[in-house]
Amino acid sequence: MADGAGRGWSINSGNERRKKHTHTSGDGEGQAAPAHWPCIRDGRSFLLESWRRGEPEMRPDSGRIVIARTARMDALEKLLYGCVVYVTIEGGVRVAAEALLGALQRQCGIQATAMKVEAACPPYHFFVHFDSVDDCAQVVYLKPLLRCGGAGMSIRRWCWDARGTPGKMEYKSLVSIEGLPEQAWEVETVNNVLAGVGGRLEEMLPPTDRWVLPVTAWLQDPCAIPKSLTVVLPAPTPLPMRPSFDEGAESPSPPRSPTMKRTQEFNLFMHVEEVIDRGRLLIEGPSDGFYSDEEDLTRRHTFPTWRGKIDGTGPGDHGYA
């Protein structure tokens, strides 16, 4: 397995990073330097504070989110595909990244500068990125013969789903989003909004105005879509101050470190207008005997939705959403 001392660091940059985040105290011993705001007092100096924001006891044990796919993610997958393998050292043998790099160099004839070995997230031990598809293919071809630290290696090509478990979004739906800020009417932002409620954008439909944005989306569970949703939008980064050429104008003072990031909250209505349902029938009481597993249960659910009204609260004065 990978040497724990090297986990999380590239073998080429680990020493530099450690040096960067280390300072020397008065007695000459190296200590880890704070990653951010080194001049701010340690929170433990406030003895009256019983709890600290962010400590493990105040955080939930687990969570679940959907990650929105982006164009950059697709591009990165294309770069990794065919050039990356996961390596697992068999038999519980601990080896360092440097040892694996040397083993691949000697046994496969690949230059050390043409590959990069990094610790990987379990269940694998190492993430090996090659500069060329041919070098990667050669390592995969020779994997039964390769050894490191006296142990064999398990080698698997990288693919997008290598460390995940299968799931699905099975409900294609028509959803109208009411109240989304105008600057957010673009594909990646709308996809992020839908990802936050367990969905993925399929298509942004032409809107009739700037009140309601209709979209088609794949949903994990239409019943989990909140009827109202608060979206928090961080403030844009301020533009740099232009120098003044007025005679006698004083130079602006240097900017201070920010103490917060300003945000704006927007209240949205999520209107679920239509759902294509292929799941089991939702029946009160026992459902055995009502249908067979081979029966096609595909059906379309449509719901009346109204602008300015939460779904299920009746007609509104501004027409359908």
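## The largest pocket

Helix H2, residues 71-80, gives the most to the lining of the largest pocket: four residues. (Helices here are DSSP runs of H or I with at least four residues, strands are E runs of at least two, and both are numbered from the N terminus.) This is a predicted model, so local features need pLDDT of at least 70 and side-chain atom pairs 80 or more, while totals for chains, interfaces and linings use all residues. Residues are numbered from 1 along each chain as its sequence is written, and side-chain values use heavy atoms, leaving out hydrogens and water.

The largest pocket has a volume of about 1200 Å³. Of its 24 lining residues, Ile 67, Arg 69, Trp 160, Gly 164 and Thr 165 are the closest to its centre. (On a 1 Å grid over the protein atoms alone, a pocket is an open set of points where a 1.4 Å probe fits, with protein on both sides within 12 Å along at least five of seven lines; lining residues have an atom within 4 Å of a point. Points join across faces, edges and corners, and the volume is the space filled by probe spheres set on them.)

## The five-stranded sheet

Now for an open sheet: five strands, paired antiparallel, in the order S4-S5-S3-S7-S6. Strands S4 (115-119) and S6 (147-148) sit at the edges with a single partner strand each, so one side of each has no neighbour in the sheet. (Two strands pair if DSSP finds at least two bridges between them.)

Four bridges join S3 (residues 84-89) to S5 (residues 126-130), and Tyr 86 has Phe 127 as its bridge partner in S5.
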